[in-house]
Amino acid sequence: MKSISNYIEEKNYKGEKILSVFLTSGFPNRNNFSQLALKVLNAGADMLEIGFPFSDPLADGPIIQHSSQAALDNGINLKSTFNYLKEIRKETNKPLILMGYANPVLSHGIKRFADDAKLCGANGVIIPDVPIEEYENFFDESFEGLDTILLITPTTPNERINLIDKKSSGFVYCVSISGTTGVHHQDKSASIDFIKRTRKAVMKNKTLVGFGISSPEDARLFAPYCDGVIVGSAVIKSLINEDSNFGNTLSLVSNIKDALKEVIK
Amino acid sequence: MQQLNEYKFPDIDGRFGKYGGKYVPETLITPLRELEDIYLSLKNDKEFTKELLKLNKEYSGRPTPLTFADSLTNHYGKGKIYLKREDLCHTGAHKINNALGQILLAKRLGKKRIIAETGAGQHGVATATVCAKFGMKCFIYMGEVDIARQSLNVFRMKLLGAEVIPVKSGSRTLKDATNEAIRDWVTNVNDTHYIIGSVVGPHPYPMMVRDFQSVIGKETKEQILEAEQRLPDYIVACVGGGSNAIGIFHPFINSGVKLIGVEAAGFGLDTNKHCATLTLGREGIFQGMKTYLLQNEDGQVSEVHSISAGLDYPGVGPEHSFLKDEVKADYFSVTDDEAIKATQLLSRTEGIIPALESAHAIAYLDYLMPKTEKEDIVVVNVSGRGDKDLDTIKNKLGYSLE
């Protein structure tokens, strides 16, 4: 299995920008979640971020709050998420990333979480409420072999981007706008300026842009300035009213991927 | 000997031992750093200290009295009971101490828009009050459940010109109001200051709110020395997030005074309908801090209950977690029913109707006083007055106004 950064590098080399899709574990249906995940990969997603739910997701807007709560109501926890991961890993070599808040990880046991994640085939983790200030307290040596992907936001000064870049592995997650997930861009040129600033300051890692990317148009707009995009709320929103074939969601994913192929490097 | 008494927490990273810290999304790190920088530069600034002192005195009515509760003392027939009267602060609770401090910071940070969360509504009222006085736009997040049980305070906030935003997510109480306020702050961080109401959240809030609230303990120390020429044996305060308790405890840490925090046991500790975080919780990461947390085995935050909206919170300030582990303070809990009984007791013995939050501290006297000697001195922090709770108490006691 390739590392996340090598995988992104290879795709970029072929002239393709990355599409990473966020799904909430066990949402919308706990019985066919692994199939959904594989269909999303087949439809064009280059990698998946699988969100394990938390009762108090304070970086998320209403859509992912909803999917998170629905997953909890469906009885989804880390154990079931690891099972999905194992099933999906059997069928794909693409990068799989676990994403979620610090407390379920702490409660599971930090070392046990890292061990289970590796055992089930995860390549990396994103824990949005563990900034670099808490990095050493949280990501101990058991995370060796797992990428720890850190976030950069419009409030991050340049010298701090350097520190985050050094600690981050896999890629850096560039949050294109100050806000919770699912926000809409008010000022797209300001976001583009910020993404340019970030990419200039990031030396070590690939830069993927997320938050506020919901359509092929958004992807086309931002992709020239980064190595790939992350789509979360738009996919979850589409899944809320989906039938069991997930037709609309899969078209959304393939349309965004197609848009990314048209982007000139 | 001097060395022994030194208590210097949090450390430079905002930690009280392993608790505290800054477990927040990256967007908030820089604003938190700016807030910390400006606070540390102003903390010992003469002009700032003078301005806050003047407001505390002339606007808020400080110092609040330390009242000898002779009837309550006679009721138990044991040690002497004094009441620290935060109920007499402007707006009716200790929350104004912090709101005044933070509005001065917001002014210096150049922020025009203020947000806050509230449970009982006391912090919301205090924030709305200082925003009115300083000409700032004010938005208060409040859970729908709390809006229903503290309707008088909702009206007070509106009268003061604040917008009250109902929170419909989760348990629709204090924790969810806090989540929404944090989400607002993440989104509007450029022009907005978030006035957290308790010693919770990411660093520097637990330190800063404690410092603004420690005026309670400083006054208590002077007042008890004047009245009794010695320090008390016990200090008792209720603990939700824990700001009134830290405020009165802080100047007495390591001084030999027994510090007692009283949590809400709701329907009882064996019912899952309580918020006795320090009594039954375990280490967690929640709303920006590492602290004791009521949670299930998967690390999901529990739905908690207290008759008192201000204590209805599954977390607790990280400094309390530290004080508990280091045995520098002890924590107990009393039930809804015991708090209601204590409300009646204080009303009838002393003519003081306490807030339901503060009534938890009073209720603990049933356990503490039998163990005291005649010469012992007990100080209870009456953190707020009970006007806001009259509907709840009336319903609970089944009184009819007809």
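Mentor: A residue is buried when its relative accessible area is under 20%, exposed when over 50%, and partly exposed in between, with a 1.4 Å probe and protein chains only. This is a predicted model, where local features need pLDDT of at least 70, side-chain atom pairs count only at pLDDT 80 or more, and totals for chains, interfaces and linings use all residues. Residues are numbered from 1 along each chain as its sequence is written, chains are lettered from A and ligands numbered from 1 in the order written, and side-chain values use heavy atoms, without hydrogens and water.

Trainee: Thanks! How is Tyr173(A) paired with Phe211(A)?

Mentor: Rings of Phe, Tyr and Trp (its six-membered ring) pair if their centres lie within 6.5 Å; planes under 30 degrees apart are stacked, over 60 edge-to-face, and the rest tilted. Phe82(A) and Phe113(A), with centres 5.8 Å apart and planes at 55 degrees, are therefore tilted. Tyr173(A) and Phe211(A) are both buried. Their centres lie 6.1 Å apart with 90 degrees between the planes, which makes the pair edge-to-face.

Trainee: On to the interface: how much area is buried between chain B and chain A?

Mentor: Buried area is the accessible area (1.4 Å probe) that two parts lose on being put together, summed over both. The contact (heavy atoms within 4.5 Å) takes 36 residues from chain B and 35 from chain A. Carbon and sulfur atoms give 50% of the buried area, which is about 2,800 Å².

Trainee: Which residue of chain A meets Glu26(B) in a salt bridge?

Mentor: A salt bridge puts a side-chain nitrogen of Lys or Arg within 4 Å of a carboxyl oxygen of Asp or Glu, and chains B and A share 3 of them. Glu26(B) lies in the loop between E2 and H2 of chain B and is buried, at 6% relative accessible area. In its salt bridge, the N to O distance is 2.8 Å and the partner is Arg160(A).

Trainee: What is the length of the polar contact between the side chains of Glu26(B) and Thr156(A)?

Mentor: A polar contact is a pair of N or O atoms within 3.5 Å; within protein, one must be able to donate a hydrogen and the other to accept it, and residues adjacent in sequence count only if both atoms are side-chain atoms. For Glu26(B) and Thr156(A) the value is 2.9 Å.

Key:
Helices (H or I, at least four residues) and strands (E, at least two) are DSSP runs, numbered from the N terminus.
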